[in-house]
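Work through the exercises below with the sequence and the 3D structure at hand. Each task is followed by a solution in steps.

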Amino acid sequence: MSTGKDYKKIQQIVLAYQNKLNELEEDRFLEMPPIGGWSYSEVYFHIFDSSILSLKQLTGAATGQGEQKPTAFIVKLILFMGSLPPGRKYKAPKRLAERLKKISKTEAVALMDDFVKQLEKGALLLPNADKDLKMPHPRFGYLNAFQWLRFIRIHLNHHLQQLHRIDQSYLR
């Protein structure tokens, strides 16, 4: 998938998050789901907080702050396939897990808006980005700006599926 397609797909995924948020009552947004794990609120905080952090790494790589490091083959394969390998439960890296918190729907909207604004700025840097300059990811090693954009898409989509699982747990 090209950078332009990744960017458009991210915009579509964010719209799905916005639509989902509009459907939820504040109490449901904050409560722990029947399946346990994160509430909708915590998922929204995690995904948009970590996506903003990812955009900072994308910006660093795109503006020449990165290093010339290799990207592991398995990471290249995940980025090429466009999704995390199925059948596994993934834990947030410790530094992200420590940041996790519940937020209100109003705070979620503000966080999404901040992400969208930063995404637009980051996308403008991509045409001049050097593919050899990479910034570190806590699990995937070093990614260039284009790989960071692809990762953001994959990660947003992964947690959108998590929201679907939370939805299903309320129907049981």
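**Exercise 1.** Is T106 buried or exposed?

*Solution.* The model is predicted, so local features need pLDDT of at least 70 and side-chain atom pairs pLDDT 80 or more, while totals for chains, interfaces and linings use all residues. Residues are numbered from 1 along each chain as its sequence is written, and side-chain values use heavy atoms, without hydrogens and water. Step one: take the cut-offs, where buried means under 20% relative accessible area, exposed over 50% and partly exposed in between (1.4 Å probe, protein chains only). Step two: T106 has 61% relative accessibility, so T106 is exposed.

**Exercise 2.** Locate T106 and give its C-alpha separation from E26.

*Solution.* T106 belongs to helix 6 (residues 105–125); helices (H or I, at least four residues) and strands (E, at least two) are DSSP runs, numbered from the N terminus. E26 lies 80 residues away along the chain, yet the two C-alpha atoms are 9.4 Å apart.

**Exercise 3.** Sort the residues of helix 4 by side.

*Solution.* Helix 4 covers residues 73–81, and its buried residues are V75, I78 and L79. They line one face because they fall within an arc of 95° seen down the helix axis, the arc being that of the directions from the axis to the C-beta atoms. The face turned away from the buried side carries exposed F73, I74, F80 and M81.

**Exercise 4.** Which side chain makes a polar contact with that of H46?

*Solution.* H46 sits in helix 3 (residues 40–62) and is buried, at 5% relative accessible area. The contacts of H46 (heavy atoms within 4.5 Å) beyond four places in sequence include W38, A92 and H159.The partner is H159, at 3.3 Å; a polar contact is a pair of N or O atoms within 3.5 Å, and within protein one must be able to donate a hydrogen and the other to accept it, with residues adjacent in sequence counting only if both atoms are side-chain atoms.
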